[in-house]
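Hello,

Please find the structure below, handed over for your reading. Some notes on what was found in it follow.

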Amino acid sequence: MSVTSGSLLRIEGLRVEFDTPQGRVVGVRDASLSIRPGEIVGLVGETGSGKTMVCRSAMRLVPSPGRIAAGSIEFDGRDVLAMSQRRLREFRAHDIGMIFQDPFSSLNPVFRVGQQVSETLRVNLGLGKSEAHARALELLSDVGIRDAERRALSYPHEFSGGMRQRVMIALATASQPRLLLADEPTTALDVTTQAQILALLTRLSRERELAVLLVSHDFGVIAQVCNRVAVMYGGHIVEAGPIDAIYTNAQHPYTRGLLESIPRLESAGKRTRLPMITGDPPDPTDAVAGCVFKLRCRYRQPGCDEISMALEPVSPGHETACPVRPFAAADMPVTGAGARA
Amino acid sequence: MLSYLIRRIALAVVVLFGLLVATFFIIHLVPGDPVRIVLAGRATPQTVARVRHQLGLDRPLLGQFWLYVKNTLQGHFGTSFTLDAPVSELLKQRAGASAALIGYGMLVSLVIGVPLAIAAALRPNRVLDNEIRVGTTLTFAMPSFWLGLMLALIFGLKLAWFPVAGYSGGFVGILRTLTLPAFALGLALTAVVVRTLRSSLLEVMRSEYIEAARSRGLREVRIVGKHALRTSIMGTLTILSVNLGFLIGGTVVLEQVFQIPGLGTLLLEAVEKRDYQIVQALALLAGAAVVFASLAADVLQAVLDPRVRLAGR
Amino acid sequence: MTTIDVLDQPPAPATEIAAPRGRSGLRGLSLQTKVGGGILVAFVVAAVFAPLIAPYGSNELDFVHIYAAPSWSHLFGTDGAGRDVFSRTLYALRLDLGIVLLVTYPPLVLGVFLGALAGYFGGIVDAVIARIVDVMIAFPFMILVIAVIAIVGPGVKGVLIGVPIVAWALYARLARSQMLVLREQSFMLATVALGYSRKRAILRHAVPNLMRSSLIYSTLDMIANLLLLSGLAYLGLGAQPPTAELGSIIADGQSALLNAWWVTTLPGLVVVLFGLGAGLVGDGLSDGRLGGGVP
C-alpha cells in the first residue's frame with residue numbers, strides 16, 4: 001500500500017526471517033502497509049504467505065527463531081522497532097491489542113473469566129478492585145455476553161468457542177487501544193458464530209474509533225467487514241486497495257484466482273468445476289527471481305523473471321505488483337461463476 | 001536417529017561428569033581432616049603425610065579432581081583403611097549378590113505386574129481393575145523392609161520354606177536365599193509397573209489402529225496381548241530403568257534385613273566406620289548405573305520404535 | 001456493496017450453550033478422594049494430638065511387661081523394654097509426618113519455580129537448570145541421603161538436609177516439561193500481547209497451571225518420603241534412640257520377630273494405612289476435575 005501520512009500504523013519494507021536448522025527461511029520478504037485511525041484493514045493470503053508474521057510484527061511479537069530483519073514500523077509517529085522493553089510493554093498494554101486464532105487455549109484455564117478481565121484493568125489501568133470488577137462486567141456485556149454478572153464467575157472451559165473469543169476481545173480492548181490486531185479470529189469457529197464475531201468487531205470499531213487489522217485466509221470473511229484489503233503471497237503484498245475495487249476489479253492474477261475460487265450460490269446445481277490455482281505456494285527457503293507468483297500464473301511473460309514486486313498504482317488507493325496487467329484492457333469483471341476465463 | 005543418539009550420549013557424559021564432581025566433594029565436605037578420617041585411627045605423623053600425598057590432598061583442588069577422575073576411569077577407587085583392602089576388590093566381591101537381588105526383583109515385578117496390567121486394561125474401571133488398583137496402592141505404600149520382615153516371618157520363620165539370613169550363589173542358592181528379599185523388592189515395584197503399563201495400554205487401545213484391529217474381528221485378548229503390548233513394552237522398560245534408583249535404595253535396606261553380604265551392607269558398614277573412600281565409590285557407582293540404564297533404555301527405544309527413529313528427534 | 005448485511009444488525013446475544021458446569025467445591029470430589037482425605041485427616045489429628053491421645057509416654061520403661069501381646073491396656077502390645085508400642089507409634093508418627101511435610105513441600109515450591117523458569121526462558125537458563133536436575137535425578141535417593149548422613153552424622157539433621165537436595169529436582173523436571181507445552185498456549189501469548197510483565201506471566205498465569213500436577217505428584221512423594229524416612233530409621237541412620245521413629249520401632253522388634261510379631265507388624269501397618277490414604281487422594285485428584293485446570 002502506498003504509505004500515507006496521517007496513518008496510525010505504518011509498516012514499510014518489512015522483512016521477517018527465521019534461522020532454522022534447515023537454513024534461513026524468509027517469512028516476509030517485503031511488505032508495506034498502513035492503517036488509518038478507525039479503519040478496518042484486511043490482510044488475506046494462504047498459509048505461508050506471511051500474513052501472520054506481518055500482524056505479529058506490529059507489536060513485535062515475532063516468536064524466535066524469527067526476527068525482524070529489515071524495515072520500519074511506526075505507530076502514531078513512534079518507532080516501534082526502537083522501543084525499549086519497558087516502552088514496548090506500555091505500548092502493548094495501552095495502544096494496541098491482539099486476539100488470537102485458537103479460542104480453546106486463549107484463556108487461562110485456572111482463572112474465572114471475570115477475574116481475567118479485571119486483572120488487565122487493575123494491572124494496566126490501575127483501577128481498584130471493585131472498580132475493576134464493575135468495569136469488567138460492563139466490558140463483558142458490551143461484547144455480547146448476557147447475564148455478565150453470573151457468567152463472569154465461570155471458568156473458560158464452561159464457555160463455547162464463540163463466547164471465549166468475545167471474552168478475548170473484551171480483554172484485548174479493555175484498555176481502549178487504538179488498534180486491534182486480529183489474527184484469524186474466526187477460523188476455528190462455525191459460520192454462524194463467525195458472523196457474530198465479525199459483527200462485534202465492526203461495531204466496536206465504529207463505536208470506539210478502533211482500527212482493526214484483520215488477518216484471514218478466507219476472502220469471504222475479509223469481504224464482510226473490511227474497508228481496505230491487502231493480498232499477500234510468498235512474503236510479498238501483491239495487491240492492495242479499497243474492498244470494492246479489489247472485489248470488482250482485481251488486477252493481480254493471484255487475487256483474481258482467490259476470488260474466482262469462492263463458490264457462488266448461483267453455481268449450485270450446475271456441473272461446473274471450481275477454478276483453482278494449480279501448483280503449490282513457494283518454498284520459503286528458496287529465493288525466487290522476479291515475480292514470486294510466476295510459477296503458478298496463467299499470464300506469465302518472459303519479463304516476469306525480472307520484475308521487482310514493487311506496487312504500482314492502478315487507481316487512487318489501489319495498487320498491484322503485477323506489471324503485466326492481463327485484466328486491465330477490457331476491464332474484465334471478476335467472474336467466478338465456474339467458467340474458465 | 002544418529003543425531004539423536006549422539007546427543008543422548010553427550011547428555012549422559014555431561015551427567016556422569018556432574019556425578020564425578022558431586023562425589024568428589026563427598027570427601028571434601030566432611031568436617032575435619034579427611035586424612036585422619038580415612039586412616040581411621042592408625043594415624044601417625046608419617047602415615048598422615050604419606051597418605052596425604054597418596055590421596056593427592058597436598059595438591060590444589062583442581063589437580064585433586066583431575067587425579068580423582070583419572071583414577072576412577074581406571075577403576076582405582078583407592079584403598080580402604082578400615083577393611084584393609086583395595087576398594088575395587090571389595091566392590092567386586094560383593095557385587096554379585098546385589099546384582100542378583102536387583103535382577104531377581106525386577107523379574108518378580110515383571111512376572112507379576114505385566115499380567116495384572118493386562119487384566120486391568122481389558123476391563124477398565126470394572127471390579128477387577130479397581131481391586132488391582134487398590135492392591136497396588138497398598139503394596140506401593142508398604143515399606144520394603146517391613147514387607148521383607150513380614151515375608152520372613154510367614155515364609156521363613158513360621159513356615160520355614162526359606163532361610164531368613166545369608167546368601168549363597170549359584171542358581172539354587174539364589175532361589176533359596178534371595179526369593180524372599182526379591183519379592184519384597186519386586187512387589188513395591190509391581191505397583192509402578194502395573195499403573196504405568198495399564199494407563200499406557202489404555203491409551204494405545206483407544207487409538208485408531210486398535211479400533212481397526214477390532215473391526216477386523218480379532219479377539220480382545222489377542223489385540224491387547226500382541227498389538228498393544230508391543231507398543232507399551234518400551235514404556236515399561238523405561239519405567240524399570242528409571243526406577244533402578246528405587247531398586248538400589250531398596251537393596252540397601254533389604255540386604256540389611258536378610259543379612260546378605262552385598263554392596264548395600266558394604267555401604268552401611270562404611271558409613272558406620274566413616275570410611276569415605278567406600279561411600280564415595282559406591283555413590284558414584286550407583287549414580288553411574290542409573291545413568292547407563294536410562295541411556296540404554298533410550299537407545300533401545302530409539303532403535304526399536306520407528307517413530308523415534310524417523311523423527312530424528 | 002456486495003457484502004452481507006450483517007453490519008446493520010445489532011450484535012446477536014451470546015446464546016450459545018455453554019458446557020455444563022461440574023460440581024465445584026468439596027461436593028465435586030470423588031469417593032476415592034474423600035475416603036483417602038479422611039484417612040489423612042485422621043492421621044494429622046492423631047499426630048498433632050499425640051501427647052493427648054497416647055496412653056503412655058514414648059519411653060515409659062516397664063520391665064515387668066516385656067513383650068506383652070496386644071490387649072486393651074496395650075493396643076499394640078509392648079516391646080523389649082516394656083514400652084507401649086501404640087504410644088511410641090503415635091509419637092513417632094508425629095515426628096515423621098512433620099519431617100515428611102518439611103521435605104516434600106518446600107522442595108515442591110522451589111522445584112516448580114525453577115522448572116517454570118527453565119521452561120519459560122529456554123536458552124542458557126534452561127540448559128543449566130536442566131543439567132543440574134539430570135544429575136540430581138541420576139542419584140538414587142537413598143544412596144545420596146546416606147552419603148549426606150555419612151558426612152553430617154546420623155539423626156534428623158541428615159534427613160532434613162539430604163532429602164530436599166534431590167527432591168526439588170523431580171518437581172523441576174515435571175514443571176519444566178509442562179511449561180514447554182504451556183508456553184505455546186494462546187493465553188500465555190496473550191499475556192505478552194496485553195503488556196503483562198514476565199514476572200506476572202510466570203507467577204500469576206503459568207505457575208497455577210503447573211501446580212496441579214505437582215500437587216498430585218506430591219501425594220505420591222509424601223508416601224515415598226515416609227518410606228525413605230522409615231527405611232533410614234530402620235538402618236539406624238535416622239533419629240537416634242531413644243527417640244521413637246517408625247522405622248526404629250520396627251527394627252527393635254526384629255530380634256523377637258517370631259514371638260513378638262506385633263512390634264514389627266503393627267507400626268508397619270500404620271505406615272501402609274497412611275500410604276493408602278495419600279494414594280487414594282492422589283488417584284482421586286488425577287481422575288476428577290478440580291475447578292478447571294489444564295486438560
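Domains of chain A

The domain assignment divides chain A into domain 1 (41–65 + 82–95 + 177–265 + 272–340) and domain 2 (105–176). Please keep in mind that this is a predicted model. Between the C-alpha centres of domain 1 and domain 2 of chain A there are 31 Å. Where the two meet, 14 residues of domain 1 of chain A are in contact with 12 residues of domain 2 of chain A. On the domain 1 side of this contact, α2 (85–94) and α7 (191–208) of chain A each supply at least two residues. By class, the domain 1 side that touches domain 2 of chain A has 10 nonpolar, 3 polar and 1 charged residues.

A helix pair in chain B

In chain B, helix α5 (residues 87–122) packs with helix α8 (residues 170–205) at an angle of about 35°, and their axes are 4 Å apart. The crossing of α5(B) with α8(B) is right-handed. The residues of this contact comprise 25 nonpolar, 5 polar and 1 charged.

Chain C against chain B

Here 34 residues of chain C are in contact with 38 residues of chain B. The side of chain C that touches chain B is made up of 24 nonpolar, 8 polar and 2 charged residues.

Regards

Key
Residues are numbered from 1 along each chain as its sequence is written. Chains are lettered from A and ligands numbered from 1 in the order in which they are written. This is a predicted model: local features need pLDDT of at least 70, side-chain atom pairs count only at pLDDT 80 or more; totals for chains, interfaces and linings use all residues. Domain bounds come from an automatic or database domain assignment. Two residues are in contact if their C-beta atoms, placed from the backbone, lie within 7 Å. Ala, Val, Leu, Ile, Met, Phe, Trp, Tyr, Cys and Pro count as nonpolar, Asp, Glu, Lys and Arg as charged, and the others, Gly among them, as polar. Axes are lines fitted to C-alpha atoms, for helices over the stretch in contact, and angles run from 0 to 180 degrees between N-to-C directions. A crossing is left-handed if the near helix is turned anticlockwise from the far one by less than a right angle, and right-handed if clockwise.
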